[in-house]
Amino acid sequence: MLQTELRTLRQVRAPEGFAGRVLAAVGLVERYALVETPIGGVYVAWNEHGISAVMPSASESAFRRRFAERFERPAERGELPATLRRVIESGDAAEARRLRYDLRVCSEFETAVLRKALEIPRGQVRPYGWIAREIGRPKAVRAVGSALAKNPVPLLIPCHRVVRSDGTLGEYALGAPQKVTLLKGEGLDVARFEREGRAGIRFHGSATTKIFCLPSCSDMRRAKAQNVRTFRSEGEARDAGYRPCKHCRPVAA
Ligand SMILES: [Zn+2]
């Protein structure tokens, strides 16, 4: 209803900023603020449904234009809530999970993918196939990639923590070099990840617990180096008498 009215307003050539002022007057206006992050300044937008957008932009006017194109509604500059600033700056996964997100632009499948990505802890990564299997769509690996590429709230919903399993990090909504910067900043040993992936290593196992994990799982990082075994497949790990970790629920794809 409101949306229709706004479109009508546009057709009768409302004065610049008029739609935003109408929304502001009824308390529904979308707000945005500029936030500094490890990959530079990004614009963050939020409304009464939650956080709706995270976008890097060369300028405020470029952001406003891109925002209006994608979401078909205006946004006005606002004061960033302190909680939101803290979560963006810390990259804390548990805090990011507690925030509300406005994912109305996403399909049901895309929403499931993004909600699952939100579970990946800081400093860890999961393969695209992990998300596909976890959401009950094991064959939809490519569709998972497309859904992540369209993530309207990158950084907060950490799609940068989803990677390929062959030792390459894969694409990222905000750029491949930015993905490396973010993952290194979160403590992932990117060089080791790439080296092992290229060598076909998919899992690490602990010789003491007889449990195998995705290499970045925090359980595995606690294992002493001399007790760590590497496996190229789930079959290889199981044949050696190892069980899958209940925390990272390892998958090779
Ligand atoms: Zn694990």
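This is a predicted model: local features need pLDDT of at least 70, side-chain atom pairs count only at pLDDT 80 or more; totals for chains, interfaces and linings use all residues.
Student: Which residues does Gly123 touch, not counting residues up to four places away in sequence?

Tutor: Residues are numbered from 1 along each chain as its sequence is written, and side-chain values use heavy atoms, leaving out hydrogens and water. Contact means heavy atoms within 4.5 Å. By that rule, the residues touched by Gly123 are Arg161, Glu186, Leu188, Ser216 and Arg221.

Student: Is Gly123 buried or exposed?

Tutor: Buried means under 20% relative accessible area, exposed over 50%, and partly exposed in between (1.4 Å probe, protein chains only). Gly123 has a relative accessible area of 2%, so Gly123 is buried.

Student: Which residues coordinate the zinc ion?

Tutor: Donors are N, O and S atoms within 2.8 Å of the metal (3.2 Å for Na, K and Ca); water is not among the atoms, so sites may look incomplete. Here the SG atoms sit at 2.3 to 2.4 Å from the zinc ion, and they belong to Cys213, Cys217, Cys245 and Cys248.

Student: How are the donor residues of the zinc ion spaced in sequence?

Tutor: Let's write each donor as C and the residues between as x. The spacing then reads C-x3-C-x27-C-x2-C.

Student: What is the relative accessible area of Cys248?

Tutor: Cys217, another zinc donor, is buried at 2%. Cys248 is buried too, and its relative accessible area is 0%.
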